Amino acid sequence: MSTMTFHAPATVAEACALLAAEPGARVLAGGTDLIVQMRSGRIAPAAVIDLKRIGALSGVREQAGGFVIGAATRCTALKEHAALAAAHPGVVEAANLIGSVQVRNRATVAGNLCNASPAADSVPAMIAAGAVALIAGPQGARELPVEHLPQSPGRTALAPGEFVTAIRLPGKAAHSSDAYQRLTPRTEMDIAIVGVGAAITLAGDGSCAAARIALGAVGPVAVLAEAAGAALVGTRFEAAALDRMAEAVQAVCKPIDDKRGSAAYRTAMAAVLARRVVQIARERAGEA
Amino acid sequence: MKMAVSTTVNGDPRAFLCEPGETLLEALRGTLGLTGAKEGCGTGDCGACTVMLDGEMVCSCLVLAPEAEGRRVETIEGVAEGSDLHPVQRQFLEHGALQCGFCTPGFIVAAKALLERDPDPSEHDLRYWLAGNLCRCTGYDKIVRAVQDAAAEMRQQARGDAA
């Protein structure tokens with residue numbers, strides 16, 4: 001019989017103390033990855049610390065001109081937050097591609113990030129949108145841009161005793177928007193073989209003032225394709241600029257080659273999806 | 001060490017003991033004797049274990065039983081009112097939208113949840129909503145038709161109640 005214990009702290013400080021006291025503990029947000037891993041025997045945490053009773057970690061707050069998504073906020077709640085959905089439609093649509101409705105009623109974007117799957121749908125969208133992970137731990141609070149948190153499949157930059165308390169996104173900016181698309185062998189309930197997020201800001205004349213493009217499932221971790229975004233800045237999205245962007249996307253693809261998608265196919269489709277999400281984000285930014 | 005959990009199941013207060021790592025599905029089927037929800041995959045892919053938790057549908061195989069403390073759980077056993085079947089249940093029978101029946105409780109709980117939030121879903125929305133419920137016998141067509149007819153019946157009933 002397992003000796004695992006279950007805790008449901010009411011504050012972040014209490015959760016930190018529990019994590020510090022038990023190095024084999026794991027935090028539980030939605031549980032859609034953690035519980036699967038526990039049941040399969042892949043992990044055997046000494047303690048599970050449920051974050052859902054910490055009021056401050058549930059829900060979306062508008063704070064200091066940005067949005068703070070508590071680590072225990074289910075993906076379906078993001079859709080229900082009109083201001084967040086208007087400011088970051090790409091992040092909200094990515095979070096609501098994960099699993100089924102049943103799964104999204106439990107799963108969280110913080111959990112999707114910390115599970116550190118290369119194919120996590122919400123992660124490229126969050127990276128493109130400039131999301132920052134807010135972290136609590138024994139040394140106090142710190143922040144880390146989302147792209148720096150996953151280190152390799154299943155591994156994060158979190159130190160022992162640390163956990164993500166929230167994801168912070170910038171506020172609504174004029175002429176700025178984002179988009180996310182993924183490719184899966186099945187329409188629903190499948191894992192991306194490539195996913196691309198893009199966030200675009202337009203200048204007054206309709207040219208590209210800023211662009212961030214991030215890729216998932218084409219390497220061990222989701223990546224910010226900086227050169228791809230840079231290829232668009234200052235352009236009017238002419239064919240040549242989009243070609244340069246697509247080339248830069250393909251240059252950072254280092255996908256695995258498996259039965260779900262060959263490396264060559266994943267790389268080719270990364271460019272296709274990048275063109276599509278740039279186009280969608282650009283249209284949305286024009287209306288924003 | 002076992003934990004004491006107090007919860008509401010289908011409207012009735014229920015207290016039970018569970019292991020900290022036990023799933024809500026195991027507690028429902030084992031300790032509470034509610035064997036309607038089924039374990040298909042145990043990984044959140046098939047939806048046979050779908051229940052409502054505080055009004056949102058979830059896979060009970062991916063909920064730890066202690067998480068249910070103070071929360072409201074609704075299962076397939078609470079869908080019919082006595083011997084009065086819910087329209088979704090009745091239409092599943094009318095359409096023969098099941099063969100082995102293993103997936104049926106999950107489909108019915110999920111379909112009822114959809115119709116309570118959207119009384120007139122498009123076929124597209126209905127199929128996406130039910131994408132987390134797998135059936136390996138019938139194919140999905142009869143299930144979709146059953147839910148559509150249940151929706152129509154519920155809309156008519158609502159109009160009748162309003163008149």
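1. The model is a predicted one, in which local features need pLDDT of at least 70 and side-chain atom pairs count only at pLDDT 80 or more, while totals for chains, interfaces and linings use all residues. Residues are numbered from 1 along each chain as its sequence is written, chains are lettered from A and ligands numbered from 1 in the order in which they are written, and side-chain values use heavy atoms, with hydrogens and water left out.

2. Chain B gives 31 residues and chain A gives 26 residues to the contact between them, where contact means heavy atoms within 4.5 Å. The two chains bury about 2,400 Å² between them, 58% of it on carbon and sulfur atoms; buried area is the accessible area (1.4 Å probe) that two parts lose on being put together, summed over both. On the chain B side, B:Leu62, B:Leu64 and B:Glu67 lose the most area to chain A, together 24% of what that side buries.

3. The second largest pocket has a volume of about 570 Å³ and a lining of 27 residues, with A:Lys79, A:Asn96, A:Arg104, A:Glu188 and B:Tyr128 nearest its centre. Here a pocket is an open set of points on a 1 Å grid over the protein atoms alone, with protein on both sides within 12 Å along at least five of seven lines, and lining residues have an atom within 4 Å of a point; a volume is the space filled by probe spheres set on the points. Among the elements that give two or more residues to this lining are strand E11 (176-183) of chain A and helix H4 (123-129) of chain B.

4. Six of the eight residues of E11(A) are buried, so this strand is largely enclosed by the rest of the structure; buried means under 20% relative accessible area (1.4 Å probe, protein chains only). E11(A) pairs with strand E12 (residues 194-202) of chain A in the antiparallel sense over eight bridges, where pairing requires that DSSP finds at least two bridges. A:Asp178 has A:Ala199 in E12(A) as its bridge partner.

5. A:Ser122 lies in helix H8 (residues 122-128) of chain A, helices being DSSP runs (H or I) of at least four residues and strands (E) of at least two. This residue counts as buried, at 0% relative accessibility, and, leaving aside neighbours within four places in sequence, A:Ser122 is in contact with A:Ala94, A:Ala95, A:Ile98, A:Val109 and A:Asn112.

Definitions and conventions:
1 Å grid on protein atoms, 1.4 Å probe; cavity = no way out; pocket = protein on both sides within 12 Å on 5 of 7 lines; lining within 4 Å. Buried < 20%, exposed > 50% of the residue type's maximum accessible area, 1.4 Å probe, protein only.
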